[in-house]
Amino acid sequence: MITRNSLNLTRRGFMKLGGTAAAVAASLESRRLVAMEQSLGGKDFSAVTGAERQAVPYTCLACNIEDGGVAFVENGRIVKLEGNMDHPNTRGKLCAKGNAGYLHVYDPDRIMTPLQRTGKRGEGKWKRISYDEAATILAAKLRQVIDRSEREGDPAIRNEIVFKWGRNRTGGAVSRFMHALGSNTMVNHTNICESSKKVGLEPSWGPDIESCDWANTKYIINFGSNVLETAYFMNPNAQRLVDGVVANKAKLVSFDVRLSNTAGYSDEWYAPFPGTDGAIALAMAHVIMNEGLYDADFVRDWTNVTAEQLIAHLKPYTPEFAEEESGVPARDIRRIAREFATTKPATTFSYRGPCKHLWGAYQEAAIHMLNVITGNVETKGGYCLPRGMGWPQPEPNPPAGKVPSVLAKPPLYPLASHAVSTNVPYMIMKGEAKVSVWMSYYDNPVYAYPSSHLWKDFLTDESHVPFYVSFSPYMSETTELADLIIPDVTYLERHDPESMPSGLYPCLSIRQPVIKPLGGTQEFRQTLIDVIRKVDPDEALGVRKYFAFDTVEDWMRAHFDNIPGLKEAGGWNALKEKGVWPIYGKVDQETAKLVDRNGNEVEAEYGLHRKRLSASEIADAEIDVQGTIRKNGHAIGVSINGRGHVGFGTGSRKIEIYKEGWREYGFNPMPVYKRLASREKKPDELVLTTYKVNVHTQSRTSSLKVLAELYHKNPAWMNPGTAAARDITDGDLIRVTSPLGYIVTRAHVTEGIHPEVIAISTACGHDAYGRLAQLKHREADPEYALGGDPDVTHNVWWDDKGVHPNPIIRLAVDPIGGSQGWYDTVVSVTKAEPGDMYGDVRVSTEQAMKDYDETLRYAYTGDLHRAAHKEVDVDWDNLPKPALSVGH
Amino acid sequence: MDLSQNTVSPARGGATKCEEAAVSPAGGHGARAAECDALAGLYRFLGRCLEEEVDADFLALLTGPLRPALTEIGLVLDDSLVQSDAAAFLASTAEEFTALFVAPGAVSPYRSVFEKGRNFQEPCDEAIAAYRQAGLEFQNRYSGEFPDHVGVMLGFVGWLAEREAESLGVADEVAADAWRVRRETFLLEQLGPWAPGWCRRARILAQHAFYRQVLELTERVLWHDLQALADRRRFKELERLNRRAPVRLDYDADFRKASGL
Ligand code: SF4
């Protein structure tokens, strides 16, 4: 027995014991104390009291990826946000924007009460009014239009009610509202986003986006996407891309005119000339087909072309041709094509780089084809279909308006399924459509659109827009011009149904108020209910019934309480508790993979197109010569080797590399490369491109202190050789001039940019959006903050808010996909001239109108369209007549 | 009231400090109660001016019963404007109220914004606690209104003074003293550190004479009372706080954690 006396209480003894114990430390470790990260996620505690904070799940809308989040609330105040561990695609992680989003809620420059204009439009004079008064004013304006339409017996008049959004995640609320009013004039923002990507994909295989299986792939070709920082599904995609590259040793090859962080993280980066990705993709396809590296079975069974047809079509697109166009060496194109075709599984990803050009849809279709011919579609580690989930609309649901809207579905762009919102003001200014009431939601075209000054002129002019109401909670460049502001709450105080195909696990999620709307503010959905009740107070119009929800929450219940599976799990209440459904499993702390109770990975489902049709589905169906199975006139699947599969969401249920619908309007039915005007620029000119950064959205986040601190100025990236040729050095004041006019900014001289490109980021140079975005506090008063905002006063150490490039970017519309050609503006760049001041912007509205006329020449009825598509076998004199069709 | 005087130089002592009247040999409860009533009226007036827009009823008071007293302290309404077109006066003050205190870019009238840079922070809790202790609840009339609004807080000081007067009216000196302590504490702790400085800032930016005058009056009343209440050291501290470019948020443990640092 050891007694106290027997202990050797000397330092030497202690140390010896310590040394010995250290050797076996692992087995002595406390089993009660675990590494902090292992307990992180889903819980949080007050730093002051130690009490557990209330955790409320929600869906992020700081940007459009719709990640799952959890808000931690203490004393009724949001104190922190983090990713929802139950969301299968977010897996507990938010990006910087998502983390900072709660600052939107408490921003002193947030609009928290309805404001009615008292001065001239845009003068900044307001009177505060109540939500009820505001709803009354709007309802009266809407009712005037409806009454006139009734009086004159002309339902088309109702289309003078316009609803324009930049971001509409209301799950059908806006359509319900507009259809109840009898208007089809809903104008989205998609053509300034990725619409030509969507239109390149939809006729090819159905959906408008791909969902790469990044984590399980071995080879990725990234065309013009900055997926680690921005791009679609950025946060989930970035996580899985890192999983793929780090854990699965996948190779990443990036094509981007600029060394983005994604390009920098890649194994290989190539900077092609802007708008030539399509030539590279076609050349790769040329190599793969001609060298027999293609998946013959897949091409034969699942596409509407033969290998021989493809080889013939791709003949001119040699790697040497692509090198000539893009500047990327033919030997590299050849090698990458071979690697891509022989490394399994592999996938491409593409975003705005290729598609934001005139004819961007061709480029996307060409990139898509690489996955098809290599048989990587819907394979584990390959290029998969997106997986989303739907939810029903509460009944009764109003029918669409009676008359198609020329603004929502412009007849000159019949293939642009996501419309052409950039053209709307031009069409109205030219008298092609009329507006009585203009409503806007999450929309800031006066900042975010090409030739943004044109929008300012348009919205300022009461002869074009007699009444304008904004639902924005922020005083953006556009909302400043409103007659009435009925502020929505922020995304953390609001209800919305959600489902985003941001990963391979389909799920539903929700937004719910994580705190009561601050200061008695009112969510947009309630405003819609109130307005409709005032438009139809006695139910004489018969539209009140579409908004017969006692509360906004009842509206949500009507969406979610009866979905099979979810209903049994608790419906809306289950979603309120977890924020997402279904719950697939847990995030493994070691691997970050989703695992089930036994620790086994929850496998995603692959091969969706191969799902078999049931006997009852096939009964009475017919199979055509191409193998398409049709029932009651609808294609329901495709027959392969005598078996019926569901196939893809196209007319033939196969992947349609050949698009007959394109040919009808004189476009090439196959993926082709068309040389852009910018490719013919003079040697001393540059192509202006823009890009997003990892801590900002296009426009909304500049008011968030922690994000603005990270990124607030946007000097123009220029290659050293390009700069030297103009005697420009890093930091110099420069003039960037397009046919629209010029801006004065500064140069950032870097090797990380194509020598014939100048790149300027978005998110800077605001003229509105609160005092932080504008750095107003400094201009007005150096001594102290005007509004007494201590953080603004003291932690704002920067005095440069950047310069916004959009005023000099020309309108240029892809005649197929409808996308704005953001990267087609040719500029000259010089040192600033005497008298030039940083931030100067001088632009012409007249030139913007000329650009509109010019871009219409590329539409399918235009002379330049015909000149550029001589190869197309179509009766040019008898193209379909421009026709109205019901959009939305 | 000298409107050209931009800096505050409060005199020692003053008629608004009703407890001083209580100790005056000639006073007694009646005089102290009267002083408290006057104090209540003054703060309620200031609160009303800043809490919401001038409406027809308030304008009638301004141009009617309150007019002589206002004129005496130099707050002179523009007769021609008020009398010829009350509606225009109401519209122009409403517009100014919105620009100065409500719309984005306003001089936010909330202590939370002044102290923390954001709406609805801990100063709100402190204001709510004080209201509750006194048996009151804050209820907004328009959206976007919070308990730590300078106008509401000034009105609360007036309300406390009124309770004090009431207690004196029924000779309950213990209760009266309790109300006095509450009032003084609230004034010193929740308005003292920022409200006079805020008034100065808002006045500089006000474009409407009515608000310039009201803000100057409020600032001076506050300084006057604060000086009477605070000892020398505390008063110096208040002067410093009101001069301050407000506190710096240089470390936020939660943000670091959320960022994974
Ligand atoms: S990417 Fe960031 S901002 Fe966008 S939804 Fe996800 S967390 Fe929110």
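Trainee: What does the accessible surface of chain B come to?
Mentor: About 11400 Å², and 52% of that belongs to carbon and sulfur atoms (Shrake-Rupley method, 1.4 Å probe). This is a predicted model, where local features need pLDDT of at least 70, side-chain atom pairs count only at pLDDT 80 or more, and totals for chains, interfaces and linings use all residues. Residues are numbered from 1 along each chain as written, chains are lettered from A and ligands numbered from 1 in written order, and side-chain values use heavy atoms, without hydrogens and water.

Trainee: How many helices and strands does chain B have?
Mentor: Chain B has 14 helices and 0 strands (DSSP runs: H or I, at least four residues, for helices; E, at least two, for strands; numbered from the N terminus).

Trainee: And what share of chain B is buried?
Mentor: 52% of its 261 residues (under 20% relative accessible area, 1.4 Å probe, protein chains only).

Trainee: New topic. Which helices of chain A each supply at least two residues of the ligand shell?
Mentor: α4 (96-100) and α9 (234-247). The residues around the ligand include A:Lys97, A:Gly98, A:Met234 and A:Asn235 (a heavy atom within 4 Å).

Trainee: Back to helices. How do α7 and α21 of chain A pack?
Mentor: Residues 173-181 and 524-535 form them; the angle is about 10° and the axes are 11 Å apart. So α7(A) is roughly parallel to α21(A) (angles under 35 degrees).

Trainee: Which residues make that contact?
Mentor: Among them are A:Phe177 of α7(A) and A:Leu528 of α21(A) (contact: heavy atoms within 4.5 Å).

Key
Buried means under 20% relative accessible area, exposed over 50%, partly exposed in between (1.4 Å probe, protein chains only). Axes are lines fitted to C-alpha atoms, for helices over the stretch in contact, and angles run from 0 to 180 degrees between N-to-C directions. Angles under 35 degrees count as roughly parallel, over 145 as roughly antiparallel, 65 to 115 as roughly perpendicular and the rest as oblique.
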